[in-house]
Each structure stands twice: as C-alpha cells, then as structure tokens.
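Please look through the structure shown below, and keep it in view while reading the explanation that follows.

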Amino acid sequence: MRYLKHHLRARAGSKLLSSLQHSGAVVSGLDIVIGALLGADEFGMSTAPLIALGCTMMRKCHLNTCPVGIATQDPVLRAKFEGKPEHVINYMFMLAEDVRVILSKLGLRSLSEAVGRTDLLYARPNFKSKKACLLEFEPILRYVSLQYPDVDIRASVIRQNFDLLKRLDYRVLKDADSLLSAKVDSMHLEYEITNTDRAFGATLSYHISKQYGEAGLPGTLHIKLRGSAGQSFCAFLAPGVTIELEGESNDYVGKGLSGGTIIIYPSKDCHPSFKSQENIIVGNAVLYGATSGKAFIRGITAERFCVRNSGANSVVEGVGDHGCEYMTGGFVVILGTVGRNFAAGMSGGIVYVYDKKKMFRSVCNLGSVDLDPVESGEDKERLLDLIQEFFDLTGSVVAEKLLKKWPSPIKHFVKVNMRIVLRKVTLTLQVFPKEYKRVMEELASIQMKKEESPEVIEGEPGYKEDILQELPVSTMQEFLRQTSGQVVPSPDTSSLRVEREESTELSSPSSEDENSNYKIPLRSEITVDIENILAALPARKKEVLLDKTRGFIKYPRQKVIYRPAKERIEDWNELYDFKEIRGSLRMQAARCMDCGVPFCQGNTGCPLGNIIPKWNDLVFKNDWKEALIQLLQTNNFPEFTGRVCPAPCEGACCLAISEPAVTIKNIECSIIEYAFDKGWVKPEVPAFRTGKRIAIVGSGPAGLAAAAQLNKVGHTVVVYERSNRIGGLLEYGIPSMKLAKRIIDRRVQLMEAEGVRFVTDIEVGKDIPSNLLVMENDAVLLSIGTTKPRDLKIPGRELRGIHFAMEFLKSWQMHQRGYEVEWKPLHAKGKRVLIIGGGDTATDCLGTALRQGAKEVVTFEILGQPSQRRAKDNPWPQWPAIYRVDYGHEESKALFGSDPRIYSISSTKFLDDGSGHVCGVTAVQVQWSRDESGRMTLKTLPETEKTFEADMVLLAMGFVGPEPQLIEQLKLEKDPRDNIKTPNGRYCANSSKLFAAGDCRRGQSLVVWAIHEGRQAAREIDVFLMGKTSLAGPGGMVAAPLR
C-alpha cells in the first residue's frame, strides 16, 4: 500500500525532502483528513471537480462525443457546457469547511498537524463486508513518531535546491546566443547528455518562441548529442531546431513537438550484431500531443506512440501497444512490428505500416479506421520521400533494404486512415475510403468519356447539361423517401443541391444554418454531393448506414408515437402508432450513448435495473433475440411497462441533460412485441418441482411478477384474485386504449401453461378464511395493492353523480369485456364531466370520457402548473417535474380546442340540482409558497371563487392505502401510512410465513415498482423456503453503503 511509504520515508528521514500525495476517490473532507492522518501531505482529485463542472462520467472522452461539452472539441457539443469556475470554487470551499469541522473535532488546528497522526485512526468494527473485516491494519496504523521521535514526518521540511541554472539547456542558450540574436544564420553544437537532463530543449524552445513566436528560428540550429536522455526529451521543440541523439531516451520524447526535428539512432559503438529494429530505443508516449515537426527514430518505440498526434511526421522501426491512439493528423511510417490496439480512436492523419507477414490487421483497432493498400501516386511518393529521409538521417538498415528493392516493397505496406465522414444538414453518411475511391474513379471515367465524345450543340439530340445526367435520377431525394417516408421534391439537376427539410427524420439538430448546403467540389466545373453519387451508383446498393457513436447528435428524438388524436378518439384501439415507432427504431437506438455510468438503470431511473444500453445496442445491431434475452433478465412483463410506465428511465437518461431522452420505452415494447410475433416467447415449464406451495393474494403486477419468479424455481404457486379476471390494476384500472386486454390475456395464458394456477372470484378473508390459507401453504405473499381511494369531504359529497375514478374506469372495462354490470349511470355521453386530480388516472378518465362522448371535460389540479424546464430544486437525474401533454390532453384539445386542465384550484362545495344530483362545483384559486422551515404551504386567494357546471364528478386524487380487513385479520403491523410494515429493504411481515410486496407495502407507486417488489419478494421467499436462491437480486446501479 502506498501509505507504507510513509513509514519507510520516516525511517530514512527522506520525507524531509519529499512529499506523499493521496489521490483517488477523494470526494469529501473525511477522505482528506484520513489521508493526512495516514501521512499524506498533498491531495490530488479530479473526478469530484469534474462532476462539479457537469461531468456525468460517460467515459466517452476518447470519442469526442461528450454530451455535456467537457471532453470534446465539437463546437455543437461545446455549446452544451454549462460549467463555471464558481462551481469548482464552491466545491473546494465546501471541502475545506468539511475538513475544518473534522479537524476541530479532533482537536487539531491545521491540516499539517494531522499529517502522520495514525494514533487518531482505528479500523471500523462490524463493517458490512466480511472480507474487509479480515484485513490487518496494524502495519499502517502504527504511530511512526513514537518509534522515531527525532524524525520530522512533515513534508519538504528542508527546501531543495535543484540547481536549475546548471541544466544543459542553459549551456545551449549561452553557446547559441549569436544565433538567437540573429547575428548568424546557422549553428552546429555538440554535447554529452545524461538521463538526469530532463525536458532538454523545452527551455530553448521557450526562449525561441518568446523572441520569434510560432514561426521559430529564422536560421537553423543543429544540436548533436551523445548518451542517454531523460524524460520529455525535446518537449515542445520549436521550428528551426534539429536535435540529433546518438544513444537512447526515456519517456515522452517529442511531447508536444511544435515544429522542430528529432533524430535518434543507437550508439555507433554497438556490437555489429545489434539490430535496432528488434530493440526499444525510446520510452512510452513518444510524440504525445505533437502538433508539427518531424521525428526519425531508428529502433522501436515503447507503448502509446503518437498518441493525440495532430500534425507531426515520423518514421520508426516498430511501436509497442496502443500506437497512434486518438491521432488526429500527421503522417507516420512504421517499418516493423506493431503492438496491440493500434489506432484506437484515431480520427485523422495517415499511417503507413510495413506488414510483410500480414499480421497487422489482428492488432489494429478497426473501430474508426480502414486498412487500404498504398496505390495512389501521391501516397507512393510521400512514402518514398519519408523512408529516404529516414535513411539519410539515421542510416537505418531496414530503410536501406527497402530502398534497394523499391518499388517492390510497396505491396507490403498498409495504409491506415480514418473513415471519411461527410456531413450534410439533412444527412450524415459514413463513407469508407475504398467506396470513396470507387466513386471518384467512376466519376473520372464518366468525365473522360464526356471529354472524348464529340461536342454536341445545345438543343440537338444527345445534348446533356452535365455528367450527372449519366447517373440515375433521384439520389438523395429517393434516399429521404425511403428513410423518412416523406414527400421530397424532385432534384433540380441544374443546381445539384439538397435543401434542408425541417421535418426530415435524419436532419441534424445542430446545423449551423437552416439554409446551409454542403457540397464537395469535383474538379473545377463540377459541384456535387458525395451522398448523391453513392445513392445514385447502381453498381452497389447498400443499406442506410447509421452512426451509433454520434447518433445522439445527428438524429432527433421521435415525436410521433400516437395515432392522430381525431382518429384514435373514435375507437378503443391502442393509442400507439406502432408502424411509425418501428420504422425508426434503429435510429432511435443509435441515439443511446452507451454511458459509462448509465443512470437510466440507476436508483432514479428504472427500478428493475433494466440493462437498457445493452439492449438498445442490440436493437441497433438488429440482434433482436439477444435483446430479448437481456430484457427478460430483469423484467418479466416488458409488454406492460412498455405501454403504461411513465418511463423514469428516460427522465434519468444522460442525454436528457441537454437533449430529449432516448425513446427507451418504445424500444422496450418493440423488443417484446417483435419476440411474440416471431414466436420466441414460449412457456418455460420448470424442470422439477420443489414440493413447496405458495399462495399469492392479488394478481396485480407485483403478484404476477412474484408468481412468475417463484414458479421459475419450481415452487407450486396459486394466485387468488377477488375480481372475475386476472390482472388487478392492469385489467380494470387502465383503459383498453392504453393497454389492450389481449396483452394481459396473452401473458396470463403463458403463465398458466408454465404451471401457475389462477383462482378468480375468491376474496381471501371473506370467501376463504385467511388463517386457513396460511396453514395450508408454506408461504403467503400479500400483493393486494392500495385500493382505498382518497376522498374529497366537502359539502355536497353525498350527492349522486360523484364517483371515484376506479368505479368509472372499472364499470366501463367490465362492460367492454362483456360482463353484465350497471354501467349506464357512470357513462359520460352527453355529460359535462369534471375530473378532480391531475395524475395518470385522471388522464385515463379524461380519455375514456372523451371516447364515451362527453359534452365537456374539465380537470382540476390543486398544484401549480409546472414549468417547461426543470426547476432548480428538481435537478437531473431526478424525475423531471415539468409540464407535459399526455394523450388525453392532446385529444381534448383536438376535440374542444383547448387544454382541459385548470391549475392551482381547490374545490370548496358540490352543488345540488335540487333532486339530489350534482350540477356543479364551486372552487377557489390557491397559491403555494414555502414557510420558514421550507415546507410548502397552501394559501387561498381572496375573491377568486368560481362556479363550474358538471353533471358528473370523478375523484382521481390517488389512494391512501390498502383495504384494512385482511391486514387486521392476519394481525399484521402497519406503518404510519397504513401500509403493511416490513423491515427496511425486506418483504417479510411480522407474522411467520407472511410476506408483502407492491403498493400494499410500498404505498401508491408505478407498475414498474410493483414488478420490482414482486421479483424481490419472490427472491426472499425462495431463501426462506430453501435456504438459498438462484433468483436475480436488484439490478442496475446499486447505491454504495453510507459511511
């Protein structure tokens, strides 16, 4: 451990001259104080300040696609950066204050007093991790000052003198004074160098840049060195300077090379059998971040050669691992072996690799580059010039052999260059260099034929305006028709331009200008888009290429997911336009950024921990079967959640910080429906039965999920439902246009085929004694939901025509199912309907009333109207409390011309029509504000009372808890909200064999939370019965235990 160095240094007294730094996972004042007590004098931190600036730990820094604009040079993404220096300053002040408070509690006046005070530390007892409790901390908690009382354990007590003025650079500055002052035009100097001469050439380059700027020396300075150079040799070397080293060097040779020339070759005193092409001559990270200049190195470079090189040219005889990583410019020639992961993230420049043994492809990272033969005259000429110069300057034996056989070795060279990406406002296509070359050759051939053909006078037969008439018409317009399904004007062959379509599906939201047109000039007289040519050439028909790396920038979120409002309001079919959704599904999947830290599956996102980035990527790759496998790992009923879940995963999507989120819900639903269509979802009967019998009371999403999981591991499961159909809230609480009942029937039939038994029209505690159920089963799970509605007890509540929302929804759903039920008194046809409440249930009532033919519908919401954007106290990744237009609101506006919602309003009295039936409501406007304690308080505004006419009032204000009868019969403990009480994070009730899951335990919540509760309750029941379990635990990002 690094803190053992503290003891060693104290023992040797070396800490008087050096300091110990604590870095890694420093996020709080406690981290700093513990580090100081262990002996640290300095503290390095990067993650926490980055997060303070807005970093979301995407881990995409190398792709230039940082969605918050930190690690990117893309101007579109840079514009999204909202960090400020004050954010880091505030974080550092908070950190300092935290440290000060802890130090005061320890009785210490400063942080330096805390350094090395290991006597103030102790190992935490009863730590959650049993393995951690086995660690022996005594060696690093030993108090060094007691062992060595004469040693000062503070850092850098003795000030060091580095004798900087004696560095070799200053000798060069003195000797080259006449050249630097422009008294002479050129100069040659020679010196011996050692590995203690670090960053040689950097000070010289500083003085040159200070005097002459970026242009460098007006003359030339050649420095010949012999020996072993230290780190950062020739760092930032300026133009006009050539440094020749006979020997070897350490890491970071040519770091930030800025125009100078570096020549390195082995000592001439080496044994004749020494082969430079088989030996490493320089260290790691050579030419890191070089911008211009040349480097000729006779020998092998170690790892990370030319990382982030953006303009320097170099020739070497071999490279180690990770060569040319993130390279963006320059030309590199490699005449020997290449390590693994070559060209990872390379986005510019060209590399020529001598690959006689045909091994290069196996070590090259082909994620962003293509490998081509060296064929063009320009490439051949450039390659020859670089090898010739390399041989002239270093005397390379490898280069000499190649030059003697030239041009025969050309066929063994591989050209590595990035994939060409051509951007247009309407479209971005990735075009591989070989395709680009093919296009250029065919165009050249067409142009040549045109030039060779006899001249035809305008107006006569055979006259053609330009070469594009040789190609099939349509091109981009046809492509847009195929991809977006929209009508696009025919091409104007005289202008050969593609105008931006506002509604085109592939249009980029980040275009510079609405009227911009991007064109690629071909020769002087031809202007044409490469996309047009590729789409037009008949020789090779290709599928549309989507860009997954930058998809979130290029492709907009799909807005149309519902059928047209006026169309769907006429029927009870499902709302969703599945054809429209599935038509652009891969494009929507391409918008997923595959985040390093996927908050969509975290504790503020999907409760099930769905592996969202994984199956998004699989859909993008058209691997639907694997996508199904990944989806069903965490979710038993994606066909339910994909329709009725409000998608907290989308609220926590990292893309939602600055752009519309990925359409996760649509993709999820499409995966499972595609699987059903293909016949992939089949009953999976357990291979054996355990003999254990489990009763589940309630067949809502929690009960069904628990039943599916418990049946999977071989238990016998019986589900009891008091209603006449299985499904609970799903069956009668959600209207059929939102969740078609055939979807529920399909899943129930599948579960029955797997061995789950369902018993309907049985109310436990009434039709079956509850204690008998407990006696006859090995475990009983209560998933009875929270069905006790919140009432509005104001004057006139006893009037007829006032109903709870669930009464209204259930009666109509049962009528649609064909059951004899008294539904007419709750039918909204021709009535003025008032809905009190603003949640999903209120929206469902609204949609149902509109379809029944309501004369007018108004909804009351006691809360204020949300803002269009997140409030300051509602930061990402919390669920965004913003203004939304759901399906019912859209339908009401289409039918009546206005949104039905009235905000900040409170009902005060129901009005009687004289016959005991409601005829209206009086209500007042209210205002919400925070009191001194920060709590929200409600204030009635004077003189705002208003009367609203209504023939039917629906109370959709949520639920207050489960019905108490069964809970009281089983003598179960209740929490303050009247839910079944269980230990924190557990599902077992206070009575043996009894468990609870879903809304009856958690309180009113989402379907996705109910499924999560059912799955985890099943896991706990399996452990209770068998002593162990193979059922999955909580998925996604699991919160770390608090200190």
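**Cavities, cores and a loop**

Helix α27 supplies three residues to the lining of the largest cavity, which is the largest share of that lining. The model in which this cavity is found is a predicted one, and the structure holds three cavities of 30 Å³ or more. The largest cavity has a volume of about 110 Å³, and of the 15 residues that line this largest cavity, C606, N610, C645, C649 and E668 are the closest to its centre. Helix α27 covers residues 664-678, and together with α23 (612-620) and α26 (648-651) it belongs to the elements that each supply at least two residues of this lining.

The lining of the second largest cavity divides into 14 nonpolar residues, one polar residue and one charged residue.

In soluble globular proteins, nonpolar side chains tend to be buried together. The largest nonpolar core in this model has 88 residues, and those with the most contacts inside this core are I671 and I696. Helix α37, which covers residues 1007-1026, gives the most to this core, with seven residues. At least three residues of this core are drawn from each of domain 3 (550-596 + 610-678) and domain 4 (693-787 + 962-1026). Which residues does I671 touch, not counting residues up to four places away in sequence? With those left out, I671 touches W615, V619, W624, A627, L628 and L631.

A last stop is G24, which is found in the loop between β1 (21-23) and α2 (29-37). Is G24 buried, partly exposed or exposed? G24 counts as partly exposed because its relative accessibility is 44%, which falls between the limits of under 20% for buried and over 50% for exposed. In sequence, G24 and F43 are 19 residues apart, while in space they are 8.9 Å apart, C-alpha to C-alpha.

Conventions:
Residues numbered from 1 in each chain as written. Predicted model: local features only at pLDDT ≥ 70, side-chain atom pairs only at ≥ 80, totals over all residues. Heavy atoms only, no water. Core = buried A, V, L, I, M, F, W, Y, C linked by side-chain atoms within 4.5 Å. Buried < 20%, exposed > 50% of the residue type's maximum accessible area, 1.4 Å probe, protein only. Helix = DSSP H or I, 4+ residues; strand = E, 2+ residues; numbered from the N terminus. Domains from an automatic or database assignment. Contact = heavy atoms within 4.5 Å. 1 Å grid on protein atoms, 1.4 Å probe; cavity = no way out; pocket = protein on both sides within 12 Å on 5 of 7 lines; lining within 4 Å. Points joined across faces, edges and corners; volume = space filled by probe spheres on them. Nonpolar A, V, L, I, M, F, W, Y, C, P; charged D, E, K, R; others polar.
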